[in-house]
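The following exercises are to be worked with the sequence and the 3D structure at hand.

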Amino acid sequence: MLKYILAIESSCDDTSASVLADGKILSNLTATQTIHERFGGVVPELASRDHEKNIVPVVHEALKTSGVEKKQLNAIAFTRGPGLIGSLLVGTSFAKSMALALNIPIIEVNHMQAHVLAHFIDDPKPKFPFICLTVSGGHTQIVLTSTSDTTGKIEMKVVGETQDDAAGEAFDKTAKILGLPYPGGTLIDKNARDGNPHAFEFPRPRIDGLNFSFSGLKTAILYFVRDQQKLDADFVTKNLPDICASVQYTIVSILLSKLKKAAEDFQINEIAIAGGVSANSGLRNAFQLLGKEQNWNTYIPDFQYCTDNAAMIAMAAWFKYLNGDFTRQDITPLARYSI
Ligand code: KG4
Ligand code: ZN
């Protein structure tokens, strides 16, 4: 008999629900909150309230689309963290109470692990051990993913991460400096397509090992734009594609140089990218080119599984379900939750 899992993701500003049957995604629905645009960033209190409003219809739609009935569910999975605590509480409480009502177990999922495991939704799937560069709005991590020799369970180790801003933040803060609305990552991507990536040069941080830093770049962009605007008030409007292309090129180069180093350090050629920023066309193209040059097998999630989604939570929960790894009802969400 097929096993069905309903998964809920509510860590930031997307309310998402997905239904999985034996490791296959049947539905994946996301309500993206637009209320934050006018504030130039996610307002936690408003995010929680919108989750509360969205969660019932989103879960209902995910079940309806999948053709699975509530009484067929074998478990309910939810994002325990990391994320905004008020947002996490909505998904956690909803999952707990629905599971209690249906008398089925719950499965807690780490959001950053789920981004990595999004690679198991579609084919081709990476072979263990593999390295994943997870780049999102709050995190930038290089994750070594393997299976335990004794238990066969998936094990993840963060071997490099940002010391300050995340790559997604570098995109979003640049967008803000350029007067683009939140979240600006996709708009930088769009404008960069018509620009020259070598029009302007920005500094690259010197950080040892596999760690990253993006706060210096943000400051350099801020000063550069301010100085240019003193000479020409219309500098940004006149040069938007070139600025976006140059910033994107710099961020992508920083990310890929560390990823290349990680592949060399660990002698692994199964390499993946994940998280919201892996939707960036500049990163996707440059990653594939580098992969060809380095003889890597490269893995990029489908667009819908890059940014926050419940399908990746369902996939991560499926691995736990197979191991009988269920969660107690007295669990609480965690704003900080390392892999
Ligand atoms: O993984 P995600 O959806 O949420 C978090 O877990 O943070 O990532 C969101 C981040 C935001 O910073 C957003 O601007 C960025 O991913 N992003 C992009 C693109 N699409 C989303 N950044 C650059 N180019 C894109 N196409
Ligand atoms: Zn995420």
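**Exercise 1.** Determine which residues coordinate the zinc ion (ligand 2), and describe the spacing of these donors along the chain.

*Solution.* The model is predicted. Step two: read along the chain, the donors give the spacing H-x3-H-x192-D. Step three: His 111 and His 115 both belong to helix H3 (residues 111–117), and because they are 4 residues apart there, about one helical turn separates them. Step four: His 111 and His 115 are both buried.

**Exercise 2.** Classify the aromatic pair formed by Phe 120 and Phe 128, and state whether each residue is buried or partly exposed.

*Solution.* Step one: the structure holds 12 aromatic pairs. Step two: in the pair of Phe 120 and Phe 128, the centres are 5.5 Å apart and the planes are at 10 degrees. Step three: planes under 30 degrees apart count as stacked, so the pair of Phe 120 and Phe 128 is stacked. Step four: Phe 120 has a relative accessible area of 7% and is therefore buried, whereas Phe 128, at 30%, is partly exposed. Step five: Phe 120 and Phe 128 form one aromatic cluster together with Phe 130 and Phe 319.

**Exercise 3.** Identify the ring over which the charged end of Arg 80 sits, and do likewise for Arg 284.

*Solution.* Step one: for Arg 80, the ring is that of Tyr 337, with the charged end 5.4 Å from the ring centre. Step two: for Arg 284, the ring is that of Phe 303, and the distance to its centre is 3.9 Å.

Definitions and conventions
Residues are numbered from 1 along each chain as its sequence is written. Chains are lettered from A and ligands numbered from 1 in the order in which they are written. This is a predicted model: local features need pLDDT of at least 70, side-chain atom pairs count only at pLDDT 80 or more; totals for chains, interfaces and linings use all residues. Side-chain values use heavy atoms; hydrogens and water are left out. Rings of Phe, Tyr and Trp (its six-membered ring) pair if their centres lie within 6.5 Å; planes under 30 degrees apart count as stacked, over 60 as edge-to-face and the rest as tilted. Buried means under 20% relative accessible area, exposed over 50%, partly exposed in between (1.4 Å probe, protein chains only). A charge sits over a ring if NZ of Lys or CZ of Arg is within 6 Å of the ring centre and within 35 degrees of the ring normal. Donors are N, O and S atoms within 2.8 Å of the metal (3.2 Å for Na, K and Ca); water is not among the atoms, so sites may look incomplete. Helices (H or I, at least four residues) and strands (E, at least two) are DSSP runs, numbered from the N terminus.
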